[in-house]
Amino acid sequence: LVNMAVIQHDIENDRSIKWHFETPITSIIKQDKEHYILVTNQKLIQFNKITKEIKDYYVFTDLEEFHLLNDAKSDSRGNIWFGSVDDRFKYFKESPETALQAYPYQPSKFYRLSKEKVLTEFDFPVTLSNGIAFNETENIVYHVDSGTQAIWKLKFDKNQQLINRTKFFECEPLLGFPDGITIDVNGDLWAPLFKSRYIATYYDK
């Protein structure tokens, strides 16, 4: 983020390639052998790693200055799921006067962008959208809202319509903030806790 770069590392040959951009990249998704979708603060861009061509993929025109796009992930259908964050949150939590208080605002959003570039904006409150994981067998999306220190479980029907949203896990206030998230072959969730030294495991049984 700080260096506004994307690094591709060849593990087998222990070599790296670095591409620099004019804006911070908050997330990266492989689209095909040549193309990547990069998430920036205000838009999604498509990057061709062969030709180095960069072009807008989906642009937001109505985001507030403090309202920034963040983590993203794609599912097996080619949908891109991503959310936004309230940039004021970190200053609120880093202030000694308010660090232990609940953040009073939830202006952020959670989105799904189809392969046809049809955007779905989900109608539920979000403070700081972060990690995303899928259990596609059961049509479930796990979504981290670091601002509420919670992991949410979103249940969808076969037509990809949201039918239920429940709080799957809430971290203790002083233990840390769930950040990224992934799911293993057993269906268990793994999430690092920001501001702590822990990686948490969650069993959805």
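User: Where in the protein chain is confidence lowest, and where is it highest?
Analyst: The model is predicted: local features need pLDDT of at least 70, side-chain atom pairs count only at pLDDT 80 or more, and totals for chains, interfaces and linings use all residues. Residues are numbered from 1 along each chain as its sequence is written, and side-chain values use heavy atoms, with hydrogens and water left out. Confidence is lowest in strand 18 (residues 199-202), with a mean of 61, and highest in strand 9, with 97. Here pLDDT is the predictor's confidence in each residue, from 0 to 100, and strands are DSSP runs (E, at least two residues) numbered from the N terminus.

User: And what does the protein chain average?
Analyst: The average pLDDT is 88, and 93% of the residues score at least 70.

User: Changing topic: how many aromatic pairs are there?
Analyst: Rings of Phe, Tyr and Trp (its six-membered ring) pair if their centres lie within 6.5 Å; planes under 30 degrees apart are stacked, over 60 edge-to-face, and the rest tilted. The count by this rule is 18 aromatic pairs. One of them joins Tyr 58 and Phe 60 edge-to-face, at 5.3 Å between centres and 70° between planes.

User: Is Phe 60 buried or exposed?
Analyst: Phe 60 is buried, at a relative accessible area of 9%; buried means under 20%, exposed over 50% and partly exposed in between (1.4 Å probe, protein chains only). Phe 60 also pairs with Tyr 111, with centres 5.1 Å apart and planes at 55°, so this pair is tilted.

User: Why does that pair tie together parts 51 residues apart in sequence?
Analyst: Because Phe 60 lies in the loop between strand 6 (54-59) and strand 7 (67-74), whereas Tyr 111 belongs to strand 9 (residues 110-113). Both Phe 60 and Tyr 111 are buried.

User: Which ring has the charged end of Arg 88 over it?
Analyst: That of Phe 66, with the charged end 3.7 Å from the ring centre. The criterion is NZ of Lys or CZ of Arg within 6 Å of the ring centre and within 35 degrees of the ring normal. Lys 117 lies over the face of Tyr 57, 4.3 Å from the ring centre.

User: Now the sheet: in what order do the four strands come?
Analyst: The open sheet has the order 7-8-9-10, with antiparallel pairing; two strands pair if DSSP finds at least two bridges between them. Strand 7 and strand 10 (119-121) are the edge strands, each pairing on one side only.

User: How many bridges do strand 7 and strand 8 pair over?
Analyst: Strand 7 and strand 8 (residues 80-86) pair over six bridges, and Leu 68 stands opposite Val 85 in strand 8.
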